[in-house]
Amino acid sequence: MTINMDSMLQPSTIQLLRLPFSFFLLPVSLFALSQPLETNWLKAGLLLIILHLLVFPASNGYNSYMDRDEGPVGGIEKPLQPTRQLLIIVFAMDTLALLLSLFVSGWVFAVLLVYILASRAYSSRNVRLKRYPILGFLVVILCQGALVFWMVYHGSHASQSLNVPFTACLASTLLMGGAYPLTQVYQHDADGLDGVYTISMLAGIKGTFILSGLLFTLAFLVLGLHFALQLEADRFLVLLVCFLPVQINFFSWAKKVWRNQNEANYENLMKMNRVAAFGGNSGFLIILIWKIIG
């Protein structure tokens with residue numbers, strides 16, 4: 001009995017979907033799950049599967065197929081080169097995600113379609129929104145911030161309310177806005193050779209940290225307003241405590257970069273990502289559990 005290796009998933013396909021990277025994008029989903037007064041947990045679970053096991057990995061895979069990175073990228077220190085199989089898997093995952101979203105709501109299907117199309121326009125060689133630093137930046141943070149929050153909040157809400165809190169959508173977008181430029185700070189040379197001009201390149205290495213610091217500050221001001229309007233200041237205090245290690249690591253990294261710009265490297269970025277994911281996921285998970293048991 002022989003096995004057709006072409007029918008199996010290739011190592012490059014598995015690697016470039018970057019499934020573990022979905023953990024870094026989980027805080028916004030947990031934040032959204034923690035906000036509805038009544039939750040449909042079956043649809044909430046389905047949404048997490050759709051976003052974190054299908055849509056986000058598919059976006060990673062499509063970006064890798066278009067970029068064909070040779071240096072560290074998105075949690076992979078030594079990326080393999082993609083094959084056409086990756087593109088086929090990406091479209092299959094997108095199709096499955098859209099079909100499953102119909103079991104949540106028509107609105108989730110529509111917004112998810114917008115997310116997928118925007119993600120493709122960002123990476124596609126024909127459109128390539130990542131060539132434009134401000135436009136590309138806004139597309140990413142709005143999609144991974146406001147759109148993701150909107151989908152999870154609406155889709156998991158027991159009555160599927162369209163009245164999604166604006167302050168929460170804005171805070172989610174600003175959190176993504178603070179984090180995203182840092183993911184680009186170590187790859188200015190590689191992006192330049194690929195004809196990409198990122199927001200980090202526009203700001204410069206030190207400017208990237210200033211921009212991220214300002215956006216993180218704005219994010220927490222809006223989060224404070226959001227929880228104050230809901231008379232839930234105690235929940236905001238929990239977030240501040242959980243994000244304290246993130247702030248410490250951010251300023252420590254910035255201090256190193258001010259002394260030596262070579263410290264703006266992949267290793268320090270991944271440390272920042274891990275600390276931020278742990279802090280964000282812990283904070284919003286605590287608030288979610290608080291809601292469930294409260």
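**Close-up views of a predicted model**

At 0% relative accessibility, Ala-32 counts as buried, a word used here for residues under 20% relative accessible area, with exposed meaning over 50% and partly exposed in between (1.4 Å probe, protein chains only). The structure is a predicted model, in which local features need pLDDT of at least 70 and side-chain atom pairs count only at pLDDT 80 or more, while totals for chains, interfaces and linings use all residues. Residues are numbered from 1 along each chain as its sequence is written, and side-chain values use heavy atoms, with hydrogens and water left out.

View 1. Ala-32 has its place in helix H2; helices are DSSP runs of H or I with at least four residues, numbered from the N terminus. Leaving aside neighbours within four places in sequence, Ala-32 is in contact (heavy atoms within 4.5 Å) with Phe-149, Val-152 and Tyr-153.

**View 2. The packing of helix H2 against helix H6.** Helix H2 (residues 26-33) and helix H6 (residues 133-156) pack at an angle of about 35°, and their axes are 8 Å apart; the axes are lines fitted to C-alpha atoms over the stretch in contact, and angles run from 0 to 180 degrees between N-to-C directions. On the side of H2 the contact is made by Val-28, Ser-29, Phe-31, Ala-32 and Leu-33, and on the side of H6 by Gln-144, Gly-145, Val-148, Phe-149, Val-152, Tyr-153 and Ser-156.

View 3. His-52 lies in helix H3 (residues 41-67) and is buried, with a relative accessible area of 7%. When its neighbours within four places in sequence are left aside, His-52 is in contact with Ser-22, Leu-25, Leu-26, Ser-29 and Pro-57.

**View 4. Helix H12 and its start.** Helix H12 (residues 266-293) has 28 residues and reaches 40 Å from its first C-alpha to its last, close to the 40 Å expected at 1.5 Å a residue, where the expected span is 1.5 Å times one less than the number of residues. At the start of H12, a side-chain oxygen of Asn-265 comes to within 3.3 Å of the backbone nitrogen of Glu-267.

View 5. Asn-273 has its place in helix H12 and, at 14% relative accessibility, counts as buried. Not counting residues up to four places away in sequence, Asn-273 touches Phe-21, Phe-24 and Thr-183. Asn-273 and Lys-291 are 18 residues apart in sequence and 27 Å apart in space, C-alpha to C-alpha.

How values were computed: Helices (H or I, at least four residues) and strands (E, at least two) are DSSP runs, numbered from the N terminus. A polar contact is a pair of N or O atoms within 3.5 Å; within protein, one must be able to donate a hydrogen and the other to accept it, and residues adjacent in sequence count only if both atoms are side-chain atoms.
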